[in-house]
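Let's take a friendly walk through this model. Please have the sequence and the 3D view open side by side.

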Amino acid sequence: MNIRRRLFTLLAVAVLSFIAAAPAALAQKATILVASTTSTQDSGLFGHLLPLFKAATGIEVKVVALGTGQALDVGRRGDADVVFVHARPEEEKFLAEGYGVRRYPVMYNDFVLIGPGSDPAGVKGSTDIAAALRAIKDKKLPFISRGDRSGTHVAELRLWKDAGIDITADRGDWYKAIGQGMGAALNTAAAANAYLLADRGTWLSFRNKADLAIVVQGDKRLFNQYGVILVNPARHPTVQKEAGQRFIDWLISPQGQRAIADYKVGGEPLFFPNAGDPNA
């Protein structure tokens, strides 16, 4: 009887251990889809981070790179497991609607105003983005807008408003919304010798700079925060919640934050980790 009890106990322990280990084993074999921004893709950040994450966890990450608004729409449909974006008001709306579980700050950089080296607006070296936009509008100089509901586009619209300009009403032929990502917008601006708002990370990675240069930077209104959210599995049961949360946990862990800080172009960091900032 003692032998039978002992065997039964050992078998029960083995079964329970298998059940406990099963989620971890499944997570390590999982593939998740992250809906993110063109800036995290075009800057090369994901090319740096994802192999490190897969080596640490065995989880493969596929990315669909869109504007922030479109990326959040993908999450709303349940077609992604995680959204990784940079427009906090839009992220908070996503959460309030019940489409996300929790927002985690991950990193930041800043926006910069890019323009022709000749700087016909006469704003180069300024730290006042509102004054620079007013000068561009007053002189009707070529300006390229992403026009794609991205985090960069949302920030651009906010900055026009800060400058006292209703860009919907006051735009003319000088203002072109192309409905494309950051890389395409930079290429269009390079070809047209135009001004545009860009995130610093994509600008530093952009190879076709032509005659373009940073003309305005350093205004506190150009701060650019990124957040990551697990799509709500209660709303979309197909969400890979364990593997998706594991990706988030890695991004905000010391290992993930170091990986973000280590990503540089020409010795210059593109993003700055700040997962521990309660105000981000």
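This is a predicted model: local features need pLDDT of at least 70, side-chain atom pairs count only at pLDDT 80 or more; totals for chains, interfaces and linings use all residues.

The protein chain has an average pLDDT of 91, and 90% of the residues reach at least 70.

| Stretch | pLDDT | Contacts in the model |
|---|---|---|
| residues 1-5 | under 50 | 0 beyond four places in sequence |

Now please turn to helix 3, which covers residues 45-57. Which residues of helix 3 are buried? They are L45, F46, L49, L50, F53 and T57. Viewed down the helix axis, these buried residues fall within an arc of 100 degrees, so they line one face of helix 3. The face turned away from that buried side carries G47 and A55, which are exposed. After helix 3 comes G58, with a positive phi near 80 degrees.

Lastly, have a look at P237, which sits in the loop between strand 9 (223-231) and helix 11 (241-252). Is P237 buried or exposed? P237 counts as exposed because its relative accessibility is 71%, where the cut-off for exposed is over 50%. In sequence, P237 and G78 are 159 residues apart, while their C-alpha atoms lie 8.5 Å apart in space.

Note on methods:
Residues are numbered from 1 along each chain as its sequence is written. Side-chain values use heavy atoms; hydrogens and water are left out. Helices (H or I, at least four residues) and strands (E, at least two) are DSSP runs, numbered from the N terminus. Buried means under 20% relative accessible area, exposed over 50%, partly exposed in between (1.4 Å probe, protein chains only). pLDDT is the predictor's confidence in each residue, from 0 to 100. Contact means heavy atoms within 4.5 Å. The expected span of a helix is 1.5 Å times one less than its number of residues. The arc is that of the directions from the helix axis to the C-beta atoms.
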